[in-house]
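Subject: A structure for you to explore

Hi there,

Here is the structure I promised to pass on to you. Have it open while you read, and I will walk you through what turned up.

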Amino acid sequence: MNLIIDFILVVGFTISIVILILNSNQKKLTKKTLCTIHIIALLYIINFYFELHNLKILSFVSFLFTGGLLLCLGPILLFYTKSICTNKQTIKKNELIHFIPHILYWTIVTIPFLINTFSESKVFKHLLVIENYDIPYWFETLMFIGYILFSIQLFLRYKSILKSNFSSLDPNNLKWSQFFLIGLLMVMLVDVSGSITKLFIEVKWETGFITIISYIIILTYLTYYGINNSSVLINKTLLNTIDVKLEKEIQPAPQKTAIQSNEDYILLKEKLDHILQIQKPYLDENLSLNALAKLIGISDKKLSILLNQHLETTFYDLINKKRVDAVKEKINMLIRIST
């Protein structure tokens, strides 16, 4: 059994290295954050290996690195999410506040644990209470799950904004990151389920093994998906398309009252249909919401309202539907000519 577990751990280690290599062409902040995430995952795999083989000294050393590390992983995941959909290049000083829980963990748990280990008398009695109720595990795990959920929410919001403003966005460029975030959430839910099971049922084997397997399975799929869709790991196409400041280009959607009446709505829709039919701006692969709004003679805010709230579609979906219709029309024309 141990040989099988060792093989799985080695596979997970190898795949993590492959991911780190594939990640080398990412933009700077994305590369740093994603590399850090996988390095942290590697530390957990190594720590599990040491504990599995009862290597006490190495297990102790690895604990010093992995203890409370999920409190670091959460903020890093958040910065990764921001980096893939925006022009964010660095982590600002005021954002370092996210790492305070990890510093507190070291202050309250790790450092007292070290002192207790190397001193004859157990100076810090609070560690016994903490260990009995497994408080560190639940604290860092729930914090990390919270960061994952917030990152997913933020990612979906960015994705919605991009679809509302740019027509050349390839959804596949974001799928890898979306799978990655959801995959991490699934891994943590598996881990929490195992821990809850241990509270009510006596389990003779280590439930953390299932967590490691879940992570390696998801990582294997992501590696396969990334190799077969190299642009998914690079994102340069996406970043070149939106090489403008989102703060200036994309403003919060105005209220529906911006289109005052039904006559105003009909007039705007007729203008939009006329421009699309006559000028065919959708043939420009770099067409943006702002550019189309200028052709119609209205603000991008008003066009956004017309599409999202009145026509119940996004800019991306509208333009790409027109492109598909144009291709179909050309195919039908060729068929008629050939017959």
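To start, does Tyr 137 count as buried or exposed, and what is its relative accessibility? With 17% relative accessibility, Tyr 137 falls among the buried residues, because the cut-off for buried is under 20%. Please keep in mind that this is a predicted model.

Trp 138 has a relative accessible area of 22%, so it is partly exposed. The rings of Tyr 137 and Trp 138 have centres 5.0 Å apart, and their planes stand at 75°, so this pair is edge-to-face.

**The whole chain**

The chain has 16 helices and 0 strands. It holds 339 residues, and 44% of them count as buried. Its accessible surface is about 19200 Å², with 64% of that belonging to carbon and sulfur atoms. If you take the contacts with a separation of 6 or more, residues 24 or more positions apart account for 76% of them.

**Aromatic pairs**

The count of aromatic pairs comes to 4. One of them is Tyr 80 with Phe 180: the ring centres are 5.9 Å apart and the planes lie at 85°, so this pair is edge-to-face. Where do these two residues sit? Tyr 80 belongs to helix α4 (residues 70–85) and Phe 180 to helix α8 (residues 172–200), so the pair links parts of the chain that are 100 residues apart. Tyr 80 and Phe 180 are both buried.

**How some of the helices meet**

At what angle do α4 and α7 pack? The angle is about 5°, and the axes are 8 Å apart. That is why α4 counts as roughly parallel to α7. By class, the residues of the contact between α4 and α7 are 18 nonpolar, 4 polar and 2 charged.

Helix α7 (residues 135–165) also meets α16: the axes come within 5 Å and cross at roughly 45°. These two helices, α7 and α16, are therefore oblique to each other. On the α7 side you will find Lys 163, Ser 164 and Asn 165, which meet Phe 315, Tyr 316 and Asp 317 in α16. The contact of α7 with α16 divides into 2 nonpolar, 2 polar and 2 charged residues.

Now look at helix α13 (residues 262–278) and helix α14 (residues 289–296), whose axes come within 10 Å and cross at roughly 105°. The two helices α13 and α14 are therefore roughly perpendicular to each other. Which residues make this contact? From α13 there are Lys 271, Leu 272, Ile 275 and Leu 276, and from α14 there are Leu 292, Leu 295 and Ile 296. By class, the contact of α13 with α14 has 6 nonpolar residues, 1 charged residue and no polar ones.

**Helix α3 and what covers it**

In helix α3 (residues 56–66), the residues Ser 59, Ser 62, Leu 64 and Thr 66 are buried. Their cover includes α2 (28–52) and α5. After α3 comes Gly 68, which has a positive phi near 75°.

**Loops worth a look**

Most residues other than glycine have a negative phi. Lys 280 has its place in the loop between α13 and α14, and its relative accessible area of 36% makes it partly exposed.

Glu 312 is also a residue other than glycine with a positive phi, here near 55°. You can find Glu 312 in the loop between α15 (300–310) and α16 (315–338). Is Glu 312 buried or exposed? Its relative accessible area is 67%, so Glu 312 is exposed.

One more stop is Leu 96, in the loop between α4 and α5 (100–118). Leu 96 is partly exposed, at 47% relative accessibility. Along the chain, Leu 96 and Pro 75 are 21 residues apart, and their C-alpha atoms are separated by 8.8 Å.

Enjoy looking around, and write back with any questions!

Best wishes

Notes: Residues are numbered from 1 along each chain as its sequence is written. This is a predicted model: local features need pLDDT of at least 70, side-chain atom pairs count only at pLDDT 80 or more; totals for chains, interfaces and linings use all residues. Side-chain values use heavy atoms; hydrogens and water are left out. Helices (H or I, at least four residues) and strands (E, at least two) are DSSP runs, numbered from the N terminus. Buried means under 20% relative accessible area, exposed over 50%, partly exposed in between (1.4 Å probe, protein chains only). Contact means heavy atoms within 4.5 Å. Accessible areas come from the Shrake-Rupley method with a 1.4 Å probe; for residues, only the protein chains shown count as cover. Axes are lines fitted to C-alpha atoms, for helices over the stretch in contact, and angles run from 0 to 180 degrees between N-to-C directions. Angles under 35 degrees count as roughly parallel, over 145 as roughly antiparallel, 65 to 115 as roughly perpendicular and the rest as oblique. Ala, Val, Leu, Ile, Met, Phe, Trp, Tyr, Cys and Pro count as nonpolar, Asp, Glu, Lys and Arg as charged, and the others, Gly among them, as polar. Rings of Phe, Tyr and Trp (its six-membered ring) pair if their centres lie within 6.5 Å; planes under 30 degrees apart count as stacked, over 60 as edge-to-face and the rest as tilted.
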